[in-house]
Amino acid sequence: MAVAEFLKQCEQSGDAAYAAFKSLLEKLEDPKTRTEARLFLSDLQSRGGFSDDCFDKYHFRFQDIYLDRNEGYHGRKKLTMMVIPSIFMPEDWSFTFYEGLNRHPDSIFKEKTVAELGCGNGWISIAIAEKWLPAKVYGLDINPRAVKVSWINLYMNAFDEKGQPIYDAEKKTLLDRVEFHESDLLSYCREHDIQLERIVGCIPQILNPNPEAMSKMITENASEEFLHSLSNYCALQGFVEDQFGLGLIARAVEEGIAVIKVTGIMIFNMGGRPGQGVCRRLFERRGFRVNRLWQTKVLQAGDTDISALVEIEKNSPHRFEFFMGLSGDQPICARTAWAYGKAGGRISHGLSVYSCQLRQPNQVKVIFEFLKSGFQEISSSLDLSFDDDLVADEKIPFLAYLASILKDNSCFPYEPPAGCKRFRNLIAGFMKTYHHIPLTSDNVVVFPSRTVAIENALRLFTPRLAIVDEHLTRGLPKQWLTSLAIETAETSLSEDAVTVIEAPRQSDLMIELIKKLKPQVVVTGIANFEAVTSSAVVQLLDATREIGSRLFLDISDHFELSSLPGTIGVLKYLSGTPLPSHAAILCGLVKNQVYSDLEVAFIISEEETILKALSKTVEILEGNTSLISQNYYGCIFHELLSFQLTDRHPQLERSENSKSVDVIGFATSATSVLNNAELSISDDGYSLVHMDVDQWFLPVPSPVKAAIFESFARQNLTESEIDVTPSIKQFVKTEYGFPTDSSTEFIYSDCLQALFSKLVLCCVREGGTMCFPAGSNGNYVSAAKFLKANIVHIPTNSEQGFKLTEHILNQALETVKKPWVYISGPTINPTGLLYSNQEMESILSACSRFGARVMIDTSFSGLEFEYEGWGGWNLGSCLSKLSSSGNPSFCVSLLGGLSLKLLSGALKFAFLSLNEPLLIEAFRSFPGLSKPHCTDKYTIKKLLALREQKGGMLDVVAEQIRILENRAKRLKEVLESCGWSVLKPCGGVSMVAKPSFLDRAVKLKHTGGGEKDAAYEVKLNDASLREAIAKTTGLCINSGAWTGIPGYCRFTIALEDSEFEQALACLVKFKSMVDN
């Protein structure tokens, strides 16, 4: 086509000009016609193609962009570029950006893979390739016409005016280094799995004043006006930064995190209109270190309408930052700037070029992969900006770990009460690597806190006299610290009494007290000035050995979570000498960089008997230590171990210990419970299916995962955001009609078992009697026995489904002194039956007549099936009437656990509501309670709020209830086919059944290898059935000894799908073994 004919076509319209150049591009792409097409471009340039008249008349123009001092490697001083009306024109905005790029050293792009977002006519992509010789530059733009024009400009600069290729110092042309593609931000790179080392961007940062326009399909046939608007405006992107017009940048950054290499750098042009602090925060809260390369002022483009910013100011306290002219230094808001501009004034704004690099790229990538997998709505809460690198080095890896387990696991796994196996392995690994002590996970028992560990140890031994370091007595029961019975401690005191003497933290004074008072247990730390050497440790070990006292040495204040931990005399001693049988190491972990109130503790011993007893004690009195807290500290240990070479230092020979010492044994009540209670079964190397624990193993819903992650992703949670009491008050009122007022005390713990144990202690202190109906939570009965409570078992019968009735209570409480009645409801654990509101009112009326303290445990409720005749509870009027007319000692306390109600799995949160002042005072005398962390409170409050909304969590809960109902039906069918008599449940996660083969003698064979394969004979009864099923099939259930109903075993059904199927198969297998 002749030049004149080409120009005539261009003259018709901008669309016609684009069509003409598109045809020319086809010739440039074809090697056979490329030279001819390039010569044609030269002719166009010589025909006045650089003039403004050409743009106005023919709808295109050529433009020389002078690189000046920033000339390329082979000295080219300018690039020649073409523009058309429907694409972004090079102006101050992009020139300033290029100047910012030039402030980087020459190596920044050399041999790197680069993407430019919003490439427009491609000049910056081509300039980068020309100056720095990158491996590849991908120029990306959402405007299809911009991409076509960029290709034309690439050919125009890759070949000279005669159509000959221009080679650089590496004998390559621009065609070898640059590509242009139509792409919505980085979609092209994501779809083609291109990993980038540099991402640069100069993209719109003002919301379109006509939002509907942005919803149009973007095609090359769209109007010129619309296509050009893509370079000036952006649409809402669903990010918090939308309010500042920075939503598109925010999306680009998050997309960039997915495709950039770990050493990659992002460079963005940022208009200073929202303020520099806002601009920096966009990057910093996403985990970037930010460096401002260049800052200047530019005139606000005349074709950009800033009215959208005026609207933002109208609806928020934020003020944008403009200036009057280029020389003005006093900022004005968007509204003033808009008015000034309308009146003919020139307005400007700051322009900065930011260079950003991820501070912990691998972990940040994991976090954003999680957010992209269905959790984008919480990205606005993410805050990875840290002034202190130590804080960043701790929190970012934990967030990445939390993100990975929430993304990759549908539920939280079962963990033994002794502590998460991974966490105990990490503690042992840290001790071995950094302190050269050869420990295994079996040497470690985990506790919720140091105070809890000390109290549990003292309750396990119940010494008549204990000496405790004065720094460690906070949180111990007040009566232990106020007893005056020291003189008779050696002789006449009953086993039930514990007297604690506070002692100074100084070894010589402590040893003097030990020799004089001869305590049975000593708990002490080491003074700072004695901590480095082991001499004080040896003296304490010798002093306690001589009098037969148990010693717990606390190293919490000296234990450092560091790659260069300080010397600790105790651990130095242990590296060369085994820990004596009468001693143990105690350590409370509180020295993290982020959360001062996040604590986990552990005890180390090399005495197997002590470790097993401590593990069972924490299970009975506390339940399980918070899994997320263990994960937090486990992540710190992992970071300190991950870069270490295994067994780099040969293990030192440890000297033999002296002979064992005759020391205090376990309390009689503790021994009885430890020997007889149905506690967790050790896996002994083979997998078990747990139908014996009250944990949610079904998939954890997305809203729960989102709330858990958000609680840690946030920084600086406010008091109102973690104040759960208003939400809990509303919850108990809505669910149960339970009355509360200003005198009601709400107490929280991360495990229901701990709250119940404290209630039992209040009962003991009051001289009361714990009354358990047959068909109660066996763990609670064990706790009451362990704590030496007076216990009465209230008989129930099968006709009423083993439920309490008014008649039964009237008979049972007649002779009971100061009854404390435990009731599980509305859903009863273990049977899964329900108490109706009328039944509950009758029960409470009976309790009122006898002045009973009533503990209603609602923790297994909230998952009721559709059950005709059960309309929920509304106890308000009943309790009000009974309180005013009944026995004055009558009161009702409400226990609740939200793990099952909120389907939260390992996230445990328990509450206790107390209305009786004397009971509140008694409870406060037992302060050693493991409290929920602030992140737990935030999560629970958020989930309770979601529960109040239609749809969402309520729909998820309804779906899970349907699954549980179907599970109950299937389990009932399988049990009945295997000869079990089943009590049909009406809700909850557990049910009971009685086997027909009870009291039968059978021959069984254990799973596993070795001698255990030998067959053995056993009589199946409540004492043997659980172990027989577990050892032959790997299925763990609770027997009649746990449920309190002779012969009736408990099965929990909230298992992961495959484990539920495995459990059914185990039941069939065991029936087959019994029959054969």
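How many residues line the second largest cavity, and which of them lie nearest its centre?

A: The model is predicted, so local features are reported only at pLDDT of at least 70 and side-chain atom pairs only at pLDDT 80 or more, while totals for chains, interfaces and linings use all residues. Residues are numbered from 1 along each chain as its sequence is written, and side-chain values rest on heavy atoms, with hydrogens and water left out.

The second largest cavity is lined by 13 residues, and those nearest its centre are Glu415, Asn624, Thr625, Leu627 and Gln695. A cavity here is a set of points on a 1 Å grid over the protein atoms alone where a 1.4 Å probe fits but cannot get out, and a lining residue has an atom within 4 Å of a point. The space in this second largest cavity amounts to about 120 Å³, where volume is the space filled by probe spheres set on the points, joined across faces, edges and corners. Its lining comprises six nonpolar, five polar and two charged residues (Ala, Val, Leu, Ile, Met, Phe, Trp, Tyr, Cys and Pro count as nonpolar, Asp, Glu, Lys and Arg as charged, and the others, Gly among them, as polar).

This space belongs to a set of ten cavities of 30 Å³ or more, found by searching the whole structure. Two helices, α29 (752-766) and α30 (778-786), are the elements that give two or more residues to the lining of the largest cavity (helices are DSSP runs of H or I with at least four residues, strands runs of E with at least two, numbered from the N terminus). By residue class, the lining of the largest cavity contains 13 nonpolar, eleven polar and nine charged residues.

Elsewhere, the fold includes an open sheet of seven strands with mixed pairing, in the order β11-β17-β16-β15-β14-β12-β13 (two strands pair if DSSP finds at least two bridges between them). At its edges stand β11 (444-447) and β13 (499-503), each pairing on one side only. From one strand to the next the twist averages 20 degrees (axes are lines fitted to C-alpha atoms, for helices over the stretch in contact, and angles between N-to-C directions run from 0 to 180 degrees). Within this sheet, β14 (residues 521-525) and β15 (residues 550-554) run parallel and are joined by five bridges, and Val523 stands opposite Phe552 of β15.

Helix α21 (residues 535-547) packs on this sheet and touches β14, β15 and β16 (583-589), its direction making about 160 degrees with that of β15. Helix α23 (residues 608-621) also packs on the sheet, where it touches β11, β15 and β17 (600-604), at about 20 degrees to the direction of β11. Contact means heavy atoms within 4.5 Å.

An open sheet of three strands has the order β26-β27-β31 and antiparallel pairing. Its edge strands, β26 (980-983) and β31 (1049-1052), each have a single partner, so one side of each is left without a neighbour in the sheet. Neighbouring strands are turned by 35 degrees against each other on average, direction ignored. Four bridges join β27 (residues 990-995) to β31, and Met991 has Phe1051 of β31 as its bridge partner.

How values were computed: 1 Å grid on protein atoms, 1.4 Å probe; cavity = no way out; pocket = protein on both sides within 12 Å on 5 of 7 lines; lining within 4 Å.
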